[in-house]
Amino acid sequence: MKRLLLPLFFILSTFSLAQAEDDLLPLDKAFSFKASVVNNEILLNWDIAKGYYLYKEKIKISADFSALLGSAEFPIAKIRNDEFFGKIGVYRDNAVVVVPVLKGDAKSILLTVSYQGCADLGVCYPPITKSVALNIGSMRSSSLADNAFNLFSRATNKAQSIVEKIISVSDEPLPADDAFKFSVVAIDANTLLARWAIHQEYYLYHDKFFFDIKGAKFGDIVFPKGKIKDDEFFGKIEVHKGVLEVKIPITNVSNQPITVIVKYQGCWEGGVCYPPQEKTKDIILPSQTGSSNVNTTPEKTSAPNTQVELNEADQITALLQQDSILLVLASFFGFGLLLSLTPCVFPMIPILSGIIVGQKGEVSTKKALIMSIVFVLSMSITYSIAGVLAGYFGENLQALFQTPWILAIFSLIFVALAFSMFGYYEIQLPASLQGKITKISNDQEGRHLIGVAIMGFLSALIVGPCVAPPLAGALIYIGQTGDALLGGLSLFVMSLGMGAPLVAIGAGVSKLPKAGDWMDNVKYVFGILMLVVAIYLLDRIVSPLASLVLWAMLITISPIAMGTLNTQTSTSSPWQRIFKALGLIILGYGILLWVLVARGGGDMFQPLSDWGASNVATESVQIKFERIKSVDELDQILAKAKSNNQIVMLDFYADWCISCKELERFVFSNANVVNEMAMANVITLQADVTENNANDKALMKRFGLVGPPAILFFNNGIESRSQRIIGEINVQDFLIHLNKTK
């Protein structure tokens, strides 16, 4: 029998191998290769047939003039557990390798490229070598626009490389626990939060969830709307991607801990469906609830009668998960228009207007419009990139630029710009540097646009670092789903909304008369506004009294310099008399500020508010915060507040956060707010994250924050996330939030 079976086995094996080889494509069709020269780079392109893959590590590049080639830039490869080489990077569909060509006298180059690939059938091709002669003598010098585009493309590729390393893109299905990371926690005594962090290449079926709880009952579970997918296993079906969070209302707790049992099922986009998963977890609720009339069965997961209440940032995060991209982008553009009215965006107006007014000669409306668009686009791109990085790494790039030396240097820049507006000098680059720039681009307007773009870039990073609900919502979405494309695009569109008024104002500035003394006066006004921006930045790093002195100097000296005290003549126009009256009013306000300085400080917006009142009376109308600097301090206070059944309010504050100071001035000093807080016996804590050190970052990371302002409320030692406040808020809305936490 063995003698018969052994030859039969070899015959069948030989037949199978021959059949597989018949099914294989020729090497040049499986891996179609071509090389071309574009600008100063050689592009190596492989079109890879379906069912085939190319090894990244097997691509070797050499040339007869090796010194002419720079380091090759490879695209991101998927990691495959290969039967021949173990874990190795592979390319499918298409791969483009970029090889920079360095300067040299050679007119042509002989490029030698070797590579190797395999078929999914299990057959690996032998290595192949191709030699290509390329003409590099006709390569033109790249323009400034080409250089900028290439720089941006490479930066994008680097960012994509980092992102894909973080999310660990694989060519094979992940373990179920990695594909669907599940957790369940107690939000409060009556609510659990179940959460699935779903890998970007995977999805969960909407109708495959099952819940059971031992030791308690639960009510209707609210599921967000999923997306419709044409699934190869079940046809058209509703699925969930990204991050899925559902709240589970708890009733009739009979014992502690309760046991939560959850079942779910999902699939990989690559064509693998996992068996149903079951997770069991014991949870101790913060405190036992009383009786309830809800009598729902544990298996119930039907559609809810009411929606789960979300805070504003979480509502925006949920908006990003909708199917309509146009609705998402339109909403974010509207958010940007609203944010353009906030104090963090106001300084952009004198910056852009001053740049346009400070140009030599007459500035046409077209040129002013182009400069405004470049400024806004630069600001928007910077804002988007900074936001995406913050979403991935939890690090607020803008906060890193709020150090004293950076703010001081940027303030000096605005002081220098202001004095150039006053006509003391003209700001010009050194002759040697001007010559180098001329070689790069002979377009005078182009050089101005480079400066405008740089100012937009720096303004986005330094001038307005405060966090608003749309920004927080987008960062939560990016951090949870890894969807940098939609998150970054939403931030970009939001920034365009913020910049739309700037474009209109910038274009309008060009309409001002250019001839005569009128234009000189316009320049003086914008010079003063530049000084306003300089003090606005210094406000974050100097003492309140020093800041008050700077404002008093500016507000008193400016109207005098503008001729407010000059004698009017009978020939003076009505407009001149009106301007003189306004100057006198401003001068009078400046004198009041000097009175505040003499008294040792005070509120410059209300210089007479505490006139004649004692310091004790003034201090009484102000929330008293206890400063905390670490997570351990917070935990100790929360534990004590829980035992005393007290509400805790935690305010995240920074000296460089203008919105934080607005909250202190208008909300935390309001008599109604102070009285309500006292009646509710609220413990008020403040985390000062000005230094942005390790403790500050740990506090913000614990609550998923990337910067101030943020106000959190805790009941029974657990945060009431639905009452979380991100960004600015008025007194009435703050009182509503406070009453909901009681």
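This is a predicted model: local features need pLDDT of at least 70, side-chain atom pairs count only at pLDDT 80 or more; totals for chains, interfaces and linings use all residues.

Colleague: How many helices and strands does the chain have?

Modeller: The chain has 23 helices and 28 strands.

Colleague: And what share of the residues is buried?

Modeller: Of the 742 residues in the chain, 43% are buried. The chain exposes about 37,900 Å², and 60% of that area is supplied by carbon and sulfur atoms.

Colleague: What about contacts between residues at least 6 apart in sequence: what percentage join residues at least 24 apart?

Modeller: Among those contacts, 74% join residues at least 24 apart.

Colleague: Let us turn to the open sheet. In which order do its five strands come?

Modeller: The order is 16-17-13-20-21, and the pairing is antiparallel.

Colleague: Which strands stand at the edges?

Modeller: Strand 16, residues 227-231, and strand 21, residues 272-273, are at the edges. Each has a single partner strand, so one side of each is left without a neighbour in the sheet.

Colleague: How many bridges join strand 20 to strand 21?

Modeller: Two bridges join them, and strand 20 covers residues 266-268. Trp268 has Val272 in strand 21 as its bridge partner.

Colleague: Now the largest nonpolar core. Which residues have the most contacts inside it?

Modeller: They are Phe375, Phe414, Leu650 and Phe652, in a core of 91 residues. Helix 15, residues 517-538, gives the most to this core, with eight residues.

Colleague: Which residues does Leu650 touch, leaving aside its neighbours within four places in sequence?

Modeller: Leu650 is in contact with several residues, including Ile628, Leu634, Leu685, Phe703 and Phe714.

Colleague: A change of topic: where is Ser490, and is Ser490 buried or exposed?

Modeller: Ser490 lies in helix 14, which spans residues 484-509. Ser490 counts as buried because its relative accessible area is 0%, and buried means under 20%.

Colleague: What is Ser490 in contact with, apart from its neighbours within four places in sequence?

Modeller: Ser490 is in contact with Leu320, Val328, Leu329 and Phe332.

Colleague: Finally, why is Ala416 described as partly exposed?

Modeller: Ala416 has a relative accessible area of 27%, and the partly exposed class lies between under 20% for buried and over 50% for exposed. Ala416 is placed in helix 10, residues 404-421.

Colleague: How far apart are the C-alpha atoms of Ala416 and Leu531?

Modeller: They are separated by 9.1 Å, while the two residues are 115 residues apart along the chain.

Methods:
Residues are numbered from 1 along each chain as its sequence is written. Side-chain values use heavy atoms; hydrogens and water are left out. Helices (H or I, at least four residues) and strands (E, at least two) are DSSP runs, numbered from the N terminus. Buried means under 20% relative accessible area, exposed over 50%, partly exposed in between (1.4 Å probe, protein chains only). Contact means heavy atoms within 4.5 Å. Accessible areas come from the Shrake-Rupley method with a 1.4 Å probe; for residues, only the protein chains shown count as cover. Two strands pair if DSSP finds at least two bridges between them. A nonpolar core is a set of buried Ala, Val, Leu, Ile, Met, Phe, Trp, Tyr and Cys residues joined through side-chain atoms within 4.5 Å.
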